[in-house]
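Reader: I'm new to this one and would like to go through it slowly. Could you show me the structure before we start?

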Amino acid sequence: MAAPVPGWRLRPLAVLVLVLALASGLPAAGAGQTPRPAERGPPVRLFTEEELARYSGEEEDQPIYMAVKGVVFDVTSGKEFYGRGAPYNALTGKDSTRGVAKMSLDPADLTHDITGLTAKELESLDDIFTRVYKAKYPIIGYTARRILNEDGSPNLDFKPEDQPHFDIKDEF
């Protein structure tokens with residue numbers, strides 16, 4: 001009878017370890033390689049007023065964006081409401097927080113400024129923000145006003161709605 005090949009008993013064990021490593025989704029780091037760090041969410045995108053204005057639904061091939069409370073939403077899927085000529089198109093391409101709170105399309109209300117809103121309007125704003133915009137539309141970024149202080153320094157209290165792990169100190 002032929003002599004067994006040296007190491008033949010270790011091969012099934014090595015195959016089992018390899019299969020388990022692949023099945024568990026763990027990266028198999030080779031000698032001298034370091035494992036990849038945990039993946040972070042997509043980067044936080046900052047929109048200036050000018051940049052946000054380019055996504056007002058006027059161009060057919062562009063997405064439609066609007067901001068509420070400094071959070072920029074992609075409302076393209078609601079084109080029948082927010083597209084060119086649609087009933088709520090006036091809200092797009094800008095931070096329309098005041099207009100959403102007051103349920104107003106008056107150009108004077110299409111601003112981020114919430115100064116002077118009543119408690120009922122602020123409550124309505126929070127409700128619509130959560131039940132409509134956060135529930136239906138993807139968050140794609142934040143207005144510069146939400147992320148930065150007036151002097152241009154980072155707002156250290158900023159926490160994205162969609163990325164709880166985010167720390168602004170890592171970005172600057």
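This is a predicted model: local features need pLDDT of at least 70, side-chain atom pairs count only at pLDDT 80 or more; totals for chains, interfaces and linings use all residues.

Reader: Okay, then which residues does S124 touch, if we leave out residues up to four places away in sequence?

Author: With those neighbours in sequence set aside, S124 is in contact with A101 and M103. As for its place in the chain, S124 belongs to helix α5, which covers residues 119–136.

Reader: And is S124 buried or exposed?

Author: S124 counts as buried, because its relative accessibility is 17% and the cut-off for buried is under 20%.

Reader: Let's change topic to charges. How many salt bridges are there?

Author: The count comes to 9 salt bridges.

Reader: Which residue of helix α5 pairs with K69, then?

Author: That is D126, and in the salt bridge between K69 and D126 the closest N and O atoms are 2.8 Å apart. K69 sits in the loop between β2 and β3 (71–74) while D126 is in helix α5, so this pair ties together parts that are 57 residues apart in sequence.

Reader: How open are those two, K69 and D126?

Author: Both are described as partly exposed, with a relative accessible area of 30% for K69 and a relative accessibility of 39% for D126.

Reader: What about K79, which residue does it bridge to?

Author: K79 forms a salt bridge with E60, where the closest N and O atoms are 3.5 Å apart. Since K79 lies in helix α3 (residues 79–82) and E60 in the loop between α2 (49–53) and β2 (65–68), the pair links parts that are 19 residues apart in sequence. K79 is partly exposed at 36% relative accessibility, whereas E60 is exposed, with a relative accessible area of 54%.

Reader: One more pair, please: what joins R54 and E51?

Author: Their side chains meet in a salt bridge, with a distance of 3.8 Å from N to O. R54 counts as exposed because its relative accessibility is 52%, while E51 is buried, its relative accessible area being 16%.

Reader: And which residues make up the network that includes R54 and E51?

Author: Salt bridges that share partners join R45, E51 and R54 into one network.

Key. Residues are numbered from 1 along each chain as its sequence is written. Side-chain values use heavy atoms; hydrogens and water are left out. Helices (H or I, at least four residues) and strands (E, at least two) are DSSP runs, numbered from the N terminus. Buried means under 20% relative accessible area, exposed over 50%, partly exposed in between (1.4 Å probe, protein chains only). Contact means heavy atoms within 4.5 Å. A salt bridge is a side-chain nitrogen of Lys or Arg within 4 Å of a carboxyl oxygen of Asp or Glu.
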